[in-house]
Amino acid sequence: ERQAAAAAADEERARSLQRAQADEWARWANSEDTTLMWQLVSGGRKDELAAWLDQAPAAVHMRAEDGRGPLWWAYEYERADLVKVLIDGGADPAATDSLGMTPSEMQAA
């Protein structure tokens, strides 16, 4: 009974942390997380990106202070494989950044 209570408390703490991360990622701000996400996307590190999204699905929505996030960067670096991972994970291709640009508008002309 004590183990079940401890496990339930651990699960609630994990859910609380996930909610806090989702709230943080919904704000447009530069952070260690946005820097790490940019590094994964710009470096084409698909497996690491997918693993992060499996652990924290809300990470797909994080944005830097300019309003751009992983989907913008995937288009910018012409990473169609990452675009698919991000859209499949819930990224919004119709979202706009601080300049009103959608992610696909980051593609090289």
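This is a predicted model: local features need pLDDT of at least 70, side-chain atom pairs count only at pLDDT 80 or more; totals for chains, interfaces and linings use all residues.
Which loop holds E78?

**View 1. E78, a non-glycine residue with positive phi.** E78 sits in the loop between α4 and α5. Its phi is about 55°, although E78 is not a glycine. Is E78 buried or exposed? The relative accessible area of E78 is 53%. The cut-off for exposed is over 50%, so E78 counts as exposed.

**View 2. The aromatic pair of W38 and Y77.** The structure holds one aromatic pair. The ring centres of W38 and Y77 are 6.1 Å apart. Their planes meet at 70°, so the pair is edge-to-face. W38 belongs to helix α2, and Y77 to the loop between α4 and α5. The pair therefore ties together parts that are 39 residues apart in sequence. W38 is partly exposed, at 36% relative accessible area. Y77 is partly exposed too, at 33%.

**View 3. The largest nonpolar core.** This core has 23 residues. Which of them touch the most other members? They are M37, V41, L49, W52, L53 and L86. Two or more residues come from each of α2 (32-42), α3 (46-55), α4 (70-76) and α5 (80-88). The top contributor is α4, with five residues.

View 4. An α-helix has 3.6 residues a turn, so residues three or four places apart point the same way.

**View 5. D92 and its surroundings.** D92 lies in the segment after α5. Its relative accessible area is 42%, so D92 is partly exposed. Which residues does D92 contact, leaving aside neighbours within four places in sequence? They are L71 and P103. D92 and P103 are eleven residues apart along the chain, and their C-alpha atoms are separated by 8.6 Å. The side chain of D92 also reaches the backbone nitrogen of A94, at 2.9 Å.

Note on methods. Residues are numbered from 1 along each chain as its sequence is written. Side-chain values use heavy atoms; hydrogens and water are left out. A nonpolar core is a set of buried Ala, Val, Leu, Ile, Met, Phe, Trp, Tyr and Cys residues joined through side-chain atoms within 4.5 Å. Buried means under 20% relative accessible area, exposed over 50%, partly exposed in between (1.4 Å probe, protein chains only). Helices (H or I, at least four residues) and strands (E, at least two) are DSSP runs, numbered from the N terminus. Rings of Phe, Tyr and Trp (its six-membered ring) pair if their centres lie within 6.5 Å; planes under 30 degrees apart count as stacked, over 60 as edge-to-face and the rest as tilted. Contact means heavy atoms within 4.5 Å. A polar contact is a pair of N or O atoms within 3.5 Å; within protein, one must be able to donate a hydrogen and the other to accept it, and residues adjacent in sequence count only if both atoms are side-chain atoms.
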